[in-house]
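Please look over the sequence and the structure shown here before reading on.

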Amino acid sequence: MLGLEGLVVAETRLSSVDGEKGELVVCGLSLEQLAARNFEEAFHTLLDTSVELASLRCQVFPKLRLILPLLTGDREPSAALRLGLASLPSNISAEELVAAFPLLLAGARHGSNLQAPDPKLSQVEDFMRLFFGERQAADRVRALNTYLVTVSEHGMNASTFACRVVASTGAKPLESALAGLAALSGPLHGGAPGPVLDLLDELREVDDREVHLREKLRRGERLMGFGHRIYRRRDPRAEVLQGAVQSLRPSAELRFAQQVEVLAQKVLQDWKPDRPLKTNVEFYTALLLHELGFERSWFTALFAMGRVMGWMAHFQEQRALGKLMRPQSRYIGALPQGAKL
Ligand code: ACO
């Protein structure tokens, strides 16, 4: 089964992705219910804990001091996040790791000038204050909160699977999270929102957008922000994030993106009539994060800041199971002379 499509590798209480209906359930909540909660509530639900994230942020902050000066410079934000994460004490807990991500991201921007966390603020509000250098309006905090919670957990996706494989070896939360982060480095999982904006920029410059999209497909290019391994009818996260973008400001850019979405759907439908390629979470992620003022190079690291909650919940589940993941492969290479399989 190439690509492990359709293969069940674990039983989980964390989430269920129904590709046919286009529905996501997380710990007994529909995605729409989960997305209405704040980051702290999602954290308590997913990691089944009552520990306060704000106090964990304050606890973790002193552990970052030595590494902060090394995080800035020419490094891409995702690379800085990997470096920062790898430098944390190896015995850091799953809960502390979730609290560390906003500090690492803001640290990747400000290095040793990073201000101390404020325990009176929520995780998302504090992150935005640290990142942008001042407190942000409530609607902006709400929009980022919706994004981070929406992407926090999503079945056995590639990065979660990577985390669980590493967790199954008895590794610690830190190594498991590093595996998840590494799995986000390719463009097919978590890396599409930047290229979504590139596609929109490209389309602004051309006269006949439909012809342009068709030519891209003929050249073998993929339209970023469309298609999903599981969702065939709709990606419910795309709809939630579309609502979050609209709540910020119904801008001309949003209207343009919606026109492109309709056009891309039409072109993809003609291109692959038997394979529904619907708008995925990354299309509206791109618009939302752009509207909030994040440069596209930060998008993957921001995704990780939400997804780390799911990774750590799966880490706990896998460790409780205590079973090494060890699938098999079918050998199709050369045999020693005279040997038969
Ligand atoms: N544009 C054009 N063609 C596409 C697209 C697309 N966005 N997506 C799939 N196809 C085509 C493929 O070229 C392939 O055609 P072929 O059979 O002629 O080779 C066919 O549809 C099946 O593609 P696969 O990659 O085998 O399907 P899979 O289920 O593995 O793909 C994926 C899922 C990787 C998301 C794919 O749709 C894609 O590359 N989309 C663009 C990148 C993207 O938006 N990624 C973000 C996903 S959401 C997330 O990671 C959180």
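## Terms and basis of the model

A residue is called buried if its relative accessible area is under 20%, exposed if that value is over 50%, and partly exposed in between, as found with a 1.4 Å probe and with protein chains only. Helices (H or I, at least four residues) and strands (E, at least two) are DSSP runs, and they are numbered from the N terminus.

This is a predicted model, in which local features need pLDDT of at least 70 and side-chain atom pairs count only at pLDDT 80 or more, while totals for chains, interfaces and linings use all residues. Residues are numbered from 1 along each chain as its sequence is written, and side-chain values use heavy atoms, with hydrogens and water left out.

## A helix enclosed by the structure

Helix α9 covers residues 158–168, and because eight of its 11 residues are buried, the helix is largely enclosed by the rest of the structure. The buried residues of α9 are Ser 159, Thr 160, Phe 161, Ala 162, Cys 163, Arg 164, Ala 167 and Ser 168. An α-helix has 3.6 residues a turn, so residues three or four places apart point the same way.

Among the elements that cover the buried residues of α9 are α10 (173–183) and α16 (299–321). Just after α9 comes Gly 170, which takes a positive phi of about 90 degrees. Glu 175 lies in helix α10, and with a relative accessible area of 34% Glu 175 is partly exposed. Between the C-alpha atoms of Glu 175 and Leu 288 there are 30 Å in space, and the two residues are 113 residues apart in sequence.

## The ligand and its surroundings

Which residues are closest to the ligand? They are Arg 222, Leu 223, Phe 226, Lys 272 and Asn 280, out of 20 residues that surround the ligand, where a residue counts as near if one of its heavy atoms lies within 4 Å of the molecule. The space taken by the ligand is the largest pocket. A pocket is defined on a 1 Å grid over the protein atoms alone, as an open set of points with protein on both sides within 12 Å along at least five of seven lines, and a molecule sits in a pocket if more than half of its atoms lie within 2 Å of its grid points.

Polar contacts, which are pairs of N or O atoms within 3.5 Å, can be followed at three of these residues. A nitrogen atom of the ligand lies 2.8 Å from a backbone N or O atom of Phe 226, whereas the side chain of Lys 272 has an N or O atom 2.6 Å from an oxygen atom of the ligand. In the side chain of Asn 280, an N or O atom is 2.8 Å from an oxygen atom of the ligand. The ligand on its own has 920 Å² of accessible area (Shrake-Rupley method, 1.4 Å probe), and the protein covers 77% of those 920 Å².

Arg 129 belongs to helix α7 (residues 123–132), and with a relative accessible area of 11% Arg 129 is buried. A polar atom of the Arg 129 side chain lies 2.9 Å from the backbone oxygen of Ala 116. Contact means heavy atoms within 4.5 Å, and, leaving aside neighbours within four places in sequence, Arg 129 is in contact with Gln 115, Ala 116, Pro 117, Asp 118, Leu 121, Glu 134 and Arg 135.

Glu 291 is found in helix α15 (residues 281–291), and a relative accessible area of 18% makes Glu 291 buried. When residues up to four places away in sequence are not counted, Glu 291 touches Arg 140, Leu 248, Arg 249 and Ser 251.

## Loops with positive phi

Cys 27 is in the loop between β2 (23–26) and β3 (29–30), where its phi is near 45 degrees, a positive value in a residue other than glycine. With a relative accessible area of 25%, Cys 27 is partly exposed. Asp 48, in the loop between α2 (39–47) and α3 (53–60), has a phi near 50 degrees, again a positive value in a residue other than glycine. Is Asp 48 buried or exposed? At 70% relative accessibility, Asp 48 counts as exposed.

Val 25 lies in strand β2 and counts as partly exposed at 36% relative accessibility. Leaving aside its neighbours within four places in sequence, Val 25 has contacts with Leu 14, Ser 15 and Ser 16. The C-alpha atoms of Val 25 and Lys 120 are separated by 31 Å, and these residues are 95 residues apart along the chain.

Tyr 331 lies in the segment after α16 and, at 47% relative accessibility, counts as partly exposed. A polar atom of the Tyr 331 side chain lies 2.3 Å from the backbone oxygen of Ala 334.

Conventions
Polar contact = N/O pair within 3.5 Å; in protein donor to acceptor, adjacent residues only side chain to side chain. 1 Å grid on protein atoms, 1.4 Å probe; cavity = no way out; pocket = protein on both sides within 12 Å on 5 of 7 lines; lining within 4 Å.
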